[in-house]
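Work through the exercises below with the sequence and the structure side by side. Try each task yourself before you read its solution.

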Amino acid sequence: MGNSTTKWRTFGIAALTLASLTLTACGANQDTTGTAPASATAAGSSEEVVLEVWDYLGQGASHTAMESAVAAFEEANPGITVKRTSFAYGDLAKAIVQGGVGGSVPDVAIVDVVDTQNFASLGLLQDVTEQVGGLASDFYEGPWSSTQVGGKTYGLPLNSNNLALYYNKDMFDGAGLEAPTTWDELRSTAKALSSADTAGIAMSGVKNEQGTFQFLPFLWQTGGDLDSFDTDGATALQFLKDLVDDGSMSSSVANYSQEDARTQFVNGKAAMMINGPWELQNLKEAGINYGVAPLAAGEEPATGLGGENVVTFAQAAQPEAAVQFLEYLTSTEGAQIYCDESGQLSSRVDLEGKLALSSDPDMQVFEAQMASAHARAYGAKYNEISAAVQESLQKVLTGAASPADAASEAAQTITPLLP
Amino acid sequence: MTTPPTTPRAARPPMRRSTAKRSAALKSAIAWLIAAAYLFPVYWMINTSLKTGKDMFAVPPQMVPEDLYLGSYAAVFSPTYGIPQAFLNSTIIATSVLVLTLLIAIPASYAVARLRGRVTTSMMIMLTVVQLLPAIAISVPLFVMFRQAGLINSYLSMILADISVTLPFAVILLRPYFKMFPYEVEEAARIDGLSAIGTIIRIVIPTIRPGIIMIGSFAFLMAWGEFTFALTLTTEQSIQPLTVALNRIIGQYGTAWNDLMATAAVIAAPVLILFIVLQRYIVAGLASGATKG
Amino acid sequence: MRRLGLALAAPALIYIAVFLAFPLLYNFYLSVTDAQGANLISGSLQFIGAANYGTVLADPEFWHSGLLSLIFTVACLVLQYVFGFALALFFRKPFPGNGPIRALLLVGWILPPVVTATVFRWVFDTDYGVLNHFMTTLGLIDEPVRWLSQGATAMIAVIIANLWVGIPFNMLLLLSGLHLIDDSLYEAASVDGASRWRQFTNITYPLMAPVSISVLLLGVINTYKVFDLIYTMTRGGPVNSTTTLPIYTYLETFSFFQFGTGAAASALTLILPLALSYFYVKSLNEEER
């Protein structure tokens with residue numbers, strides 16, 4: 001309860017100061033702040049534990065799924081109340097570091113797998129090796145490794161996901177087209193479906209990790225990797241530039257988040273979009289006639305491995321309850337509740353084939369793609385590497401640099417940072 | 001004092017007067033056109049806030065929403081975006097800034113207007129300089145200071161930071177009002193037995209009410225629209241004001257334009273109402289320059 | 001009396017000392033330490049001399065930001081002064097609706113910059129923005145302009161948005177200057193047969209010089225420090241094409257959590273306003289005499 005208590009206490013002081021100052025002020029001044037009762041709420045009972053949780057799951061199916069998982073936890077642990085705060089994807093990591101530096105962190109956060117190691121190396125996370133370090137065999141190797149820094153465990157994986165191609169069936173049927181399976185088909189299909197008021201394809205190219213997550217599959221599809229960004233990065237960037245130049249993709253994707261891509265798709269403004277399984281539920285609710293296909297292959301098929309980890313903080317006000325929540329949420333029970341409702345893939349070995357959506361053909365596309373999903377495991381400097389990737393993507397999408405120049409510049413930054 | 005030169009104007013033949021009238025009418029028409037073009041973005045904000053997701057992406061854009069959709073306002077007032085809480089936070093912050101600014105600025109302006117000494121003069125210079133500095137330059141050290149004091153994520157930190165913007169202009173704008181107040185009246189009051197403080201409160205302040213209303217409304221408006229300090233000094237949504245909330249929604253739903261415009265309209269509404277009600281005070285304050293934080 | 005003055009000014013003095021003077025000095029202290037995310041968490045700052053200044057001055061991004069600040073400031077300053085002056089002349093003589101229309105034009109100034117920026121983001125949208133629609137309808141462009149997703153046009157867009165705020169403000173200040181000019185001067189000039197243009201160059205402009213100087217001086221400082229409008233519209237992007245000095249300082253400090261270099265950048269950013277404020281204070285003192 002630490003954070004909110006100090007906050008209210010501070011506010012109480014402010015209110016009191018205000019009130020007393022107002023009394024001494026001239027009578028003509030009609031003060032209507034009405035803030036006095038606030039200080040009273042600071043005195044809560046100390047038996048009730050309030051667990052502060054931050055995430056970026058504030059909308060759609062992810063939100064309701066997390067609410068269900070939280071409710072199940074609260075039922076199983078009377079006396080603990082979870083107070084969730086949801087951020088925009090791009091804001092959570094910043095808020096955690098800024099909060100850490102500012103001396104105010106939550107107890108638990110549900111974070112992108114790629115951020116976990118960075119937070120741990122900043123000293124923000126609680127070392128939970130003692131409590132859960134022995135659970136490695138419960139999880140798939142990729143997700144598990146994202147919680148490890150220097151042989152210590154700093155959290156547990158909640159779920160996994162990857163990116164696939166969503167397409168608008170009505171538009172495809174109308175044009176007599178099939179979901180593209182190669183780059184060439186993707187390009188020609190996108191072009192065929194583009195018109196004055198519809199783009200062939202939408203994706204997220206925003207200047208944060210989402211942009212990197214969406215771009216890297218194109219790099220891997222060339223058969224290359226970050227160590228060959230100079231050449232293969234240029235090929236991938238060139239492909240996206242071709243889509244923009246063809247009029248098949250708006251250059252505005254440079255500012256799109258993954259939610260923005262969905263907005264375009266749902267409103268019939270994009271015939272295809274690249275997005276993750278968490279959108280399955282949202283699209284069903286939106287009542288749109290869509291299909292899901294694996295990402296089109298270049299030299300080889302590839303997609304990105306994403307997902308969320310649950311972490312607890314070194315400065316947590318409720319460290320024990322935090323670990324309880326961490327353990328519950330990532331247990332068979334908790335993870336199943338969350339994955340079933342949100343449409344995410346499980347990171348737990350024992351849930352394979354047991355999720356509600358396991359029989360859903362759309363979901364099976366994502367599951368099948370796990371075989372070609374690459375993890376973003378590029379060491380401690382990954383953040384800086386990712387920033388360089390985003391920069392090159394932004395430059396190409398906005399026409400500030402040619403793909404070749406952007407790629408070679410990024411490669412110069414990236415190469416020395418790779419492990 | 002303008003009497004002698006005005007004679008030729010009175011002697012103007014009637015024909016010239018009617019051309020003058022016609023040119024005034026023409027000017028008026030042009031002025032309305034300018035105002036309409038200028039205010040188009042505000043209209044577009046309201047227009048878009050009343051459109052459905054499909055209509056806002058219509059090509060060509062609908063100049064008048066085809067079917068009025070209030071869903072965006074429903075979304076704004078639901079807890080989804082956290083706007084009701086942010087509205088409350090903005091109100092708390094702006095009202096506190098308003099009160100504290102008046103409490104600090106009124107005596108200080110009196111001091112610099114009437115009781116000039118070396119200290120008050122250098123204070124005046126300091127205030128003048130400070131209002132010229134970028135907010136971001138102050139917010140970096142303030143962030144670290146408030147962190148050491150455990151005040152990050154508190155209303156107090158934002159309120160105190162906002163005063164750094166409102167105080168300088170309040171003192172600068174209020175000082176002339178005190179200066180213009182006739183000294184003899186004050187002396188007379190004091191001879192009648194009122195203390196110095198009593199004179200200020202009972203006699204001077206009621207007389208310069210327009211100035212106080214002006215700086216009061218400015219303090220409120222500035223704090224209501226303040227963004228830089230709120231962005232840098234808080235990370236918790238539960239205490240962030242509307243401006244930061246809007247910025248947050250842009251980060252996640254950057255193309256949900258109807259919701260974004262509805263949020264923008266909700267933030268703008270109190271500002272516009274206050275402006276309409278207190279227009280003459282605000283324009284007078286603006287015209288005297290030295291503002292714009 | 002002196003004591004009363006001090007007593008009345010005391011709250012303001014204390015505030016200034018604690019929340020303005022001290023932070024500015026503290027900023028200089030931070031700028032010579034290795035303050036950054038991790039060691040602020042652990043709380044052990046090391047004195048490292050001028051190294052942060054070296055880092056900032058060696059960063060091409062910093063110089064690029066300085067250049068962008070220069071472009072942004074000069075463009076806004078010139079345009080808002082010219083348009084503001086023209087409008088002030090237009091509104092100088094009374095005509096029906098003069099007062100209310102002038103007040104309407106101030107709406108841009110009064111709105112929170114974050115709101116203005118959000119609205120302009122939408123107006124400037126590449127695919128569905130109303131500005132591109134108008135320009136296409138008028139036949140000015142064939143292809144939609146990619147306003148905010150292209151470097152040069154993004155800068156133009158933020159300049160336009162800032163002009164929307166700045167022009168009416170300049171108009172108002174210049175108008176109150178125009179009202180100080182005695183009408184008899186113009187009447188004498190028309191009796192002498194001077195043209196409108198001659199009247200402007202010989203009477204209006206010279207008499208407006210002092211007002212113009214303070215308007216321009218204030219304009220430089222206020223434009224140079226714009227942060228919220230640009231940040232909300234573009235986040236400093238695309239890439240770095242609208243990263244002016246305040247944005248650079250913010251990103252350095254709160255995205256990369258390099259408080260030491262951020263403080264150094266902000267100290268360097270302060271040089272211009274501090275230098276100009278010297279002239280500004282001087283001009284105010286002269287007005288007073």
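This is a predicted model: local features need pLDDT of at least 70, side-chain atom pairs count only at pLDDT 80 or more; totals for chains, interfaces and linings use all residues.

**Exercise 1. Describe chain A as a whole: how many helices and strands does the chain have, and what share of its residues is buried?**

Solution. Begin with the secondary structure of chain A, which comes to 17 helices and 14 strands. Next, turn to burial: of the 419 residues in chain A, 55% are buried. Finally, consider the contacts in chain A between residues at least 6 apart in sequence, of which 77% join residues at least 24 apart.

**Exercise 2. Trace the open sheet of 6 strands in chain A, and find which strands stand at its edges.**

Solution. Step one is to write down the order of the strands, which is β2-β1-β3-β12-β6-β13 in chain A, with mixed pairing. Step two is to look for strands with a single partner: β2 (80-86) and β13 (345-346) of chain A are such strands, so one side of each has no neighbour in the sheet.

Step three is to follow the pairs inside the sheet. Strands β1(A) and β3(A) are parallel and share 2 bridges, and in this pair Trp54(A) is opposite Ala109(A). Strand β3(A) is also joined to β12(A), by 5 bridges and in the antiparallel sense, with Asp112(A) facing Glu308(A) of β12(A).

Helix α13 (residues 319-329) of chain A lies across β1, β2, β3, β6 and β12 of chain A, and its direction is at about 150° to that of β12(A). Helix α14 (residues 332-342) of chain A lies across β6 and β13 of chain A, at about 25° to β6(A).

**Exercise 3. Work out how the 4 strands of the other open sheet, which contains β9(A), are arranged.**

Solution. First, the order is β8-β9-β7-β10 in chain A, and the pairing is mixed. The edges are taken by β8 (199-202) and β10 (290-293) of chain A, each of which has a single partner strand, so one side of each lacks a neighbour in the sheet. From one strand to the next, the twist averages 20°.

Second, examine both pairings of β9(A). With β8(A), strand β9 (residues 270-275) of chain A pairs in the parallel sense over 3 bridges; Ala199(A) is opposite Ala270(A), and Ile201(A) is opposite Met272(A). With β7(A), the pairing of β9(A) is antiparallel and has 4 bridges, and Tyr166(A) faces Met273(A).

Third, ask what covers the strand: 6 of the 6 residues of β9(A) are buried. Helix α11 (residues 258-266) of chain A packs on this sheet, where it touches β7, β8 and β9 of chain A, and its direction makes about 155° with that of β9(A).

**Exercise 4. Is helix α7 of chain B largely enclosed or largely open, and where does the helix bend?**

Solution. Start with the length: helix α7 (residues 135-148) of chain B has 14 residues and reaches 20 Å from its first C-alpha to its last, which is close to the 20 Å expected at 1.5 Å a residue. Along its course, α7(B) bends by about 25° at Pro141(B). Since 13 of its 14 residues are buried, α7(B) is largely enclosed by the rest of the structure. Just after the helix, Gly150(B) takes a positive phi of about 70°.

**Exercise 5. Decide whether Ala400(A) is buried or exposed, and find its contacts beyond four places in sequence.**

Solution. Locate Ala400(A) in the loop between α16 (382-397) and α17 (403-417) of chain A. A residue is buried if 20 or more other C-beta atoms lie within 10 Å of its own; Ala400(A) has 21, so this residue is buried. Beyond its neighbours within four places in sequence, Ala400(A) is in contact with Lys395(A), Gly151(C), Pro238(C) and Val239(C).

**Exercise 6. Describe the contact between chains B and C, and state which element of chain C gives the most to its side.**

Solution. Chain C brings 70 residues to the contact, and chain B brings 76 residues. On the side of chain C, helix α1 (residues 2-31) gives the most, with 17 residues. By type, the residues on this side of chain C are 51 nonpolar, 15 polar and 4 charged.

Terms used
Residues are numbered from 1 along each chain as its sequence is written. Chains are lettered from A and ligands numbered from 1 in the order in which they are written. Two residues are in contact if their C-beta atoms, placed from the backbone, lie within 7 Å. Ala, Val, Leu, Ile, Met, Phe, Trp, Tyr, Cys and Pro count as nonpolar, Asp, Glu, Lys and Arg as charged, and the others, Gly among them, as polar. Two strands pair if DSSP finds at least two bridges between them. Axes are lines fitted to C-alpha atoms, for helices over the stretch in contact, and angles run from 0 to 180 degrees between N-to-C directions. The expected span of a helix is 1.5 Å times one less than its number of residues. The bend at a residue is the angle between axes fitted to the seven residues ending there and the seven starting there. A residue is buried if 20 or more other C-beta atoms lie within 10 Å of its own, exposed if 12 or fewer, and partly exposed in between; C-beta atoms are placed from the backbone.
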